[in-house]
Amino acid sequence: MKTVKHSSVIQKHGADILSSQGMQVEKNCIQHGTYSVYDHSLFVTSMCISISKKLHLKINERSLVRGALLHDYFLYDWHEKTKENMIHGFTHPGKALRNAEKCFKLNAVEKNMIKRHMFPLTPVPPRFKESMVLCLADKICATYETVGGFKRKLGKKLRRVGSHD
C-alpha cells in the first residue's frame with residue numbers, strides 16, 4: 001500500500017508499533033490476496049479512523065490506532081497447510097493478543113479490540129466503541145482485499161478469452 005489516509009495520525013500513535021520487529025515480519029506474511037498482514041493492518045487502521053470520523057464517534061484515537069495496528073499481530077503465515085491453521089479465524093485473535101502483550105503496554109480497550117475483532121466468528125461481542133469500529137473496518141477491508149483479487153484474476157481471464165476470438 002503506497003499511500004495511506006490518516007498517515008500522520010497513525011504515525012503519531014503507532015510509530016513504535018510500525019517500526020517493531022513483529023511488524024517487519026508481517027510485511028512478509030500474506031493476509032488476503034496480495035496484501036501483506038502489514039498492509040492489511042494499515043488499511044484497517046485507516047478505515048477505523050475514517051469510520052469514527054464519518055460517524056462522529058467520541059473515541060480514544062490512540063487506542064483505536066494501536067488496537068487496529070495490532071489486531072492481526074499473530075506473526076505467522078496462516079496459509080500454510082497445517083491442522084492448526086485450519087481454524088486460524090477462530091484462534092488468531094488470542095495469538096495476536098498474546099504477542100502484542102509481550103511487546104507493548106496495552107490498555108483494556110486495545111486488548112478488547114484485538115481479542116474481539118473477529119466477532120461474530122468468535123462468539124463474545126466487542127465491549128468498546130473502538131472494538132466495534134475495528135470489527136466493521138476489518139470486514140470491509142478483508143472483503144475489498146479478497147474480492148479485489150478475484151476481480152483482477154477474473155478480468156485477466158476474460159481479457160485472455162476475449163483475445164482468442
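## Nonpolar core

The largest nonpolar core has 32 residues, and Ile10, Cys48 and Leu70 touch the most other members. A nonpolar core here is a set of buried Ala, Val, Leu, Ile, Met, Phe, Trp, Tyr and Cys residues joined through side-chain atoms within 4.5 Å. Buried means under 20% relative accessible area, exposed means over 50%, and partly exposed lies in between (1.4 Å probe, protein chains only). Helix 1, helix 3 (37-54), helix 4, helix 5, helix 6 and helix 7 (129-163) each supply at least two residues of this core. Helix 3 gives the largest share, seven residues.

Not counting residues up to four places away in sequence, Ile10 touches Val4, Lys5, Ala15, Leu18, Leu42, Thr45, Ser46, Ile49, Val65 and Leu69. Contact means heavy atoms within 4.5 Å.

## Model and conventions

This is a predicted model: local features need pLDDT of at least 70, side-chain atom pairs count only at pLDDT 80 or more, and totals for chains, interfaces and linings use all residues. Residues are numbered from 1 along each chain as its sequence is written, and side-chain values use heavy atoms, with hydrogens and water left out.

## Overall layout

The chain has seven helices and two strands. From the N terminus, the order of elements is α-α-β-β-α-α-α-α-α. Helices (H or I, at least four residues) and strands (E, at least two) are DSSP runs, numbered from the N terminus.

Of the 165 residues in the chain, 49% are buried. Take the contacts between residues at least 6 apart in sequence: 62% of them join residues at least 24 apart. The accessible surface of the chain is about 9,500 Å², and carbon and sulfur atoms account for 60% of that. Areas come from the Shrake-Rupley method with a 1.4 Å probe; for residues, only the protein chains shown count as cover.

## Helix 3

Helix 3 is mostly covered, with 15 of its 18 residues buried. Its length agrees with expectation: at 1.5 Å a residue, the 18 residues should span 26 Å, and the end C-alpha atoms are 25 Å apart. The expected span is 1.5 Å times one less than the number of residues. After helix 3 comes His56, with a positive phi near 55°.

## Salt bridges

How many salt bridges does a search of the whole structure find? The search finds two. A salt bridge is a side-chain nitrogen of Lys or Arg within 4 Å of a carboxyl oxygen of Asp or Glu. One joins the side chains of Arg66 and Asp16, at 2.8 Å from N to O. This pair links distant parts of the chain: Arg66 sits in helix 4 (residues 61-70) and Asp16 in helix 1 (residues 7-18), 50 residues apart. Arg66 is buried, at 4% relative accessible area. Asp16 is partly exposed, at 38%.

The side chains of Glu101 and Lys111 also meet in a salt bridge, at 3.7 Å from N to O. Glu101 belongs to helix 5 (residues 88-103) and Lys111 to helix 6 (residues 108-116), and the two are ten residues apart. Glu101 is partly exposed, with a relative accessible area of 39%. Lys111 is partly exposed too, at 32%.

## A buried charge without a partner

Glu26 lies in helix 2 (residues 21-26). Glu26 is buried yet has no salt bridge; Lys27, the nearest side chain of opposite charge, is 10 Å away. For charge, Lys and Arg count as positive and Asp and Glu as negative, while His and the chain ends are not counted.

What is Glu26 in contact with, leaving aside neighbours within four places in sequence? The contacts are Ser36, Val37, Tyr38, Ser41, Asp72, Tyr73, Phe74 and Leu75.

## Links across the sequence

Arg62 is in helix 4. Arg62 is partly exposed, with a relative accessible area of 43%. Arg62 and His13 are 49 residues apart in sequence, yet their C-alpha atoms are 5.4 Å apart in space. Beyond four places in sequence, Arg62 touches His13 and Glu110.

Ser131 is in helix 7. Ser131 is buried, at 1% relative accessible area. Its C-alpha atom is separated by 8.7 Å from that of Ala68, 63 residues away along the chain. Not counting residues up to four places away in sequence, Ser131 touches Val109, Asn112, Met113 and Pro126.
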